[in-house]
Amino acid sequence: MSFNLATPGEVSRELGTRVRHHRLTRSLSQPELAARAGISVPTLRNIEREGQATLDAFIRVLMALGMSEQLAPLLDTRATSLKSMEQASKPRQRAPRKRT
């Protein structure tokens, strides 16, 4: 599934489906994964069915599945050009003002 044209709800449900797939490929039951992640079974069930969870619960599940490294490139801030490298060396203190 491409996330480019998906709604937030569709993305959430797809992520939940992917969590379920990874749980099943590791032959883990919902109670086993929930215990490893330190969350309740209903919370895990909610993640898998609807993709609804706190960010903390979602990260706990990914860590319990051994997938936390896949989060690293998610919001990567590596520079892609000389200009962005120069800008990255001077961290912004606040957002730019809107011009009217």
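In α2, the residues Q30, P31, L33 and A34 meet V41, L44, R45 and E48 of α3. Contact here means heavy atoms within 4.5 Å. Helices are DSSP runs of H or I with at least four residues, strands are runs of E with at least two, and both are numbered from the N terminus. The contact of α2 with α3 divides into five nonpolar residues, one polar and two charged. For those classes, Ala, Val, Leu, Ile, Met, Phe, Trp, Tyr, Cys and Pro count as nonpolar, Asp, Glu, Lys and Arg as charged, and the others, Gly among them, as polar.

Before I go on, a word on the source. This is a predicted model, where local features need pLDDT of at least 70 and side-chain atom pairs count only at pLDDT 80 or more, while totals for chains, interfaces and linings use all residues. Residues are numbered from 1 along each chain as its sequence is written, and side-chain values use heavy atoms, with hydrogens and water left out.

Back to the helices. Two packed helices are described by the angle between their axes and the distance between the axes. The axes are lines fitted to C-alpha atoms, for helices over the stretch in contact, and angles run from 0 to 180 degrees between N-to-C directions. For α2 and α3 the angle is about 105° and the axes are 9 Å apart. α2 is therefore roughly perpendicular to α3. The cut-offs are under 35 degrees for roughly parallel, over 145 for roughly antiparallel, 65 to 115 for roughly perpendicular, and oblique for the rest.

Which residues does Q30 touch, not counting residues up to four places away in sequence? They are R23, V41, L44, R45 and E48. Q30 lies in helix α2 and is buried, at 17% relative accessible area. Buried means under 20% relative accessible area, exposed means over 50%, and partly exposed is in between, with a 1.4 Å probe and protein chains only.

Now the next partner of α2. Helix α2, residues 30-37, and helix α4, residues 55-64, have axes that come within 8 Å and cross at roughly 105°. That again makes α2 roughly perpendicular to α4. On the α2 side the contact has L33, R36 and A37, and on the α4 side R60, V61 and A64. Four residues of this contact are nonpolar, none is polar and two are charged. A35 is also in helix α2, and counts as exposed at 60% relative accessibility.

S27 is in the loop between α1 and α2. S27 has a positive phi of about 55° although it is not a glycine, and is exposed, with 63% relative accessible area. T17 lies in helix α1 and is partly exposed, at 45%. The C-alpha atoms of T17 and E48 are 5.6 Å apart, while the two residues are 31 apart along the chain.

For the chain as a whole, there are five helices and zero strands. Of the 100 residues, 21% count as buried. Among contacts between residues at least 6 apart in sequence, 45% join residues at least 24 apart.

Last, the largest pocket. What is its volume? About 520 Å³. A pocket, on a 1 Å grid over the protein atoms alone with a 1.4 Å probe, is an open set of points with protein on both sides within 12 Å along at least five of seven lines, and lining residues have an atom within 4 Å of a point. The volume is the space filled by probe spheres set on the points, which are joined across faces, edges and corners. Of the 21 lining residues, L15, F58, L62, L71 and L74 are the closest to the centre. The elements giving two or more residues to the lining are α1, residues 8-25, and α4. The largest share, six residues, comes from α1. By class, the lining has 13 nonpolar residues, seven polar and one charged.
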